[in-house]
Amino acid sequence: MTIKKKILKALAGEVLDTPPIWMMRQAGRYLPEYRETRAQAGDFLSLCYNSDLAAEVTLQPIRRYGFDAAILFADILLLPQALGADLWFVTGEGPRLSTINSTDDLKLLKPVDEIHDTLRPVYETVRILSKELPEETTLIGFAGAPWTVATYMIAGRGTPDQKPAHDLKDNNILAFENLIEILTKATIKYLSAQIDAGVEVVKIFDSWAGSLKGDDFYKYALEPTKKIVMELKAKYPKVPIIAFPRQAGDYYKGFLKSTGADCLAIDDSISSAWAAKYLQKDGCIQGNLNSSHMVSGGQNMIDEIETIVSDLSQGPHIFNLGHGITPEANPDYVALMIETIRNFKRS
Ligand code: CP3
């Protein structure tokens, strides 16, 4: 069967005239219709667990902009909650969780098989979206990578340097490695259930991979991702996997080959020219416009978009930002970004 959807073509290694486009956090606070639906749900977590409204916000940026992919509306921190951690969001500050600091704390977590009890509404959101998305739009599911999720579970919040997680790793390796193993198993189950419900691609977000160096990068960023990819590929050989070891820098090199993922999502700390030279030979590259351009717009934004599209035009490429779009972004600049990409003629 020939592949029809543009995102799936790029993920299969096809070089397209125009890169397919989507944005991290495309359903988010920069959109007035998102803010309205979120208010209707009450708060962010209620929105995540309300399948009808979560499907609605997933569809909003597709209706407004015609992105080539929709990303399931949920959060990477729903998995720790499904494992028994307390989770809440403080407005204007971010997530808070009960903390994990010892092997005893780990004993309080639920068995990984029980995650589905909490996550069932997420699978229902996927089923609704599979029916309602336009036929040319690809549905992407996701989870956090074990290291990134562990950094939140250990600290009980987001941290600028992930120090509490590094401290646990350095002072109680048994508890730390146990947590990584639990999260690896739970993530495989979570992503498998999303695929069973209908997602066509999965993405693994390792937002804090950049703070792991040397052996630690290989043991706690690369290895867990590889394990997740291998297990998913054994069960679902046709489902493409996007890996996002954010801010990995030089460690981006070889990541696709070592993990078996199909596509490497890159942040904006590396240039698209460097990515084309060192990374694109191993597979599809996704990225990597600095999301601040969505706030400032202007000729700088257009120049930067054209540089990225042109630099990555010799291999498979999916256009995206280097990180999530921020609440201050101007919705008009998103439209202009898409228009610029779709009108760009390679010289
Ligand atoms: O990309 C999408 O549109 C899909 C949905 C999605 C969300 N979070 C919704 C969300 C995805 C894929 C995520 C991933 C996520 N969540 C990551 C990895 C990617 C990254 O950003 O590095 C992380 C680290 C989280 C944890 C998280 N969720 C934090 C730290 C915060 C607070 C920061 C913030 O932006 O407010 C969230 C909240 C969150 N997740 C929002 C959204 C739309 C904002 C919530 C709101 O409406 O108030």
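Predicted model: local features only at pLDDT ≥ 70, side-chain atom pairs only at ≥ 80, totals over all residues.

**Ligand site**

I started at the ligand: a polar side-chain atom of Arg 29 lies 2.7 Å from one of its oxygen atoms. I count a polar contact as a pair of N or O atoms within 3.5 Å; within protein, one must be able to donate a hydrogen and the other to accept it, and residues adjacent in sequence count only if both atoms are side-chain atoms. Residue numbers run from 1 along each chain as its sequence is written, and side-chain values use heavy atoms, with hydrogens and water left out.

Ser 207 has a side-chain N or O atom 2.5 Å from a ligand oxygen. For His 323, I find a side-chain N or O atom 2.7 Å from an oxygen atom of the ligand. In total 22 residues surround the ligand, where near means a heavy atom within 4 Å. The closest are Arg 25, Tyr 34, Arg 38, Asp 75 and Ser 207.

**The sheet**

Strands here are DSSP runs (E, at least two residues), helices are H or I runs of at least four, and both are numbered from the N terminus. Two strands pair if DSSP finds at least two bridges between them.

Next I zoomed in on β5 (201-206) and β6 (241-245), which pair in the parallel sense over five bridges. Val 202 stands opposite Ile 241 of β6, and Phe 205 stands opposite Phe 244 of β6.

Is β6 enclosed or open? Five of its five residues are buried, so β6 is largely enclosed by the rest of the structure. Buried means under 20% relative accessible area, exposed over 50%, and partly exposed in between (1.4 Å probe, protein chains only). Ile 241, Ala 243 and Pro 245 point one way from β6, Ile 242 and Phe 244 the other.

**Rings and charges**

I get 14 aromatic pairs. Rings of Phe, Tyr and Trp (its six-membered ring) pair if their centres lie within 6.5 Å; planes under 30 degrees apart are stacked, over 60 edge-to-face, the rest tilted. Phe 217 and Phe 255 make an edge-to-face pair, 6.0 Å centre to centre with 65° between the planes. The two sit 38 residues apart, Phe 217 in helix α11 (215-235) and Phe 255 in helix α12 (255-259). Phe 217 is buried at 0% relative accessibility, and Phe 255 is buried at 1%. I also noted a cluster of Tyr 34, Phe 44, Phe 73 and Phe 89, linked by ring pairs.

My cut-off was NZ of Lys or CZ of Arg within 6 Å of the ring centre and within 35 degrees of the ring normal. Arg 246 has its charged end over the ring of Trp 208, 5.1 Å from the centre.
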